[in-house]
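Keep the sequence beside you.

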Amino acid sequence: MDSDRIAGAAQQAKGKVEAATGRLTGDTKLQVEGGYDQAVGSVRNAAGRAEDAAEAAKTEPQSEVEHLRAEVERLSAEPATPRLDAAARTADRYGQELDRYLDVVRERPLTAIGIAACAGFLLGRLISGNRYVYRI
């Protein structure tokens with residue numbers, strides 16, 4: 001916060017007090033002076049804010065670029081997340097197992113069909129439940 005903003009805020013406060021005092025006492029000249037001080041204080045305060053914004057705009061992009069560059073370097077140096085690595089390893093392992101099973105099916109197609117038929121029969125029996133009625 002620079003001196004223009006402080007002086008502007010002080011002049012605005014002084015103007016408000018003068019305007020309020022002028023309204024209470026009926027002094028028109030004091031009311032006008034209070035309004036003038038408020039306006040001048042408002043302009044000085046706005047000029048101080050603009051000066052602060054210009055200073056921040058001058059220094060902020062440089063520091064933001066430096067911050068982003070440091071963040072990129074940190075992220076590139078750190079390995080991928082452990083969960084992502086574990087998922088990739090698991091997918092590779094399942095892919096290798098699937099290739100192995102497909103090789104067995106290609107080498108012995110009749111055995112694979114027999115195993116699939118038996119598995120289907122057993123699964124169907126388990127799901128259907130007992131539908132047979134035994135009469136004695």
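Buried means under 20% relative accessible area, exposed means over 50%, and partly exposed lies in between (1.4 Å probe, protein chains only). Of the chain's 136 residues, 9% count as buried. This is a predicted model, in which local features need pLDDT of at least 70, side-chain atom pairs count only at pLDDT 80 or more, and totals for chains, interfaces and linings use all residues. Residues are numbered from 1 along each chain as its sequence is written, and side-chain values use heavy atoms, with hydrogens and water left out.

The chain has 4 helices and 0 strands. Helices (H or I, at least four residues) and strands (E, at least two) are DSSP runs, numbered from the N terminus. The order is α-α-α-α.

Now the charges. A salt bridge is a side-chain nitrogen of Lys or Arg within 4 Å of a carboxyl oxygen of Asp or Glu. The count is 4.

Start with K14, which is partly exposed at 46%. K14 pairs with E18, the closest N and O atoms being 3.9 Å apart. Both sit in helix 1 (residues 3-25), 4 residues apart, so about one helical turn separates them. E18 is buried, at 15% relative accessibility.

K14 also meets D37 in a salt bridge (3.6 Å, N to O). This pair links distant parts of the chain: D37 lies in helix 2 (residues 28-77), 23 residues from K14 in helix 1. D37 is buried, at 10%. Together, K14, E18 and D37 form a network of salt bridges.

Helix 3 (residues 82-107) holds D103 and R106, 3 residues apart. Their side chains form a salt bridge at 3.2 Å, N to O. D103 is partly exposed at 38%, whereas R106 is exposed at 60%.
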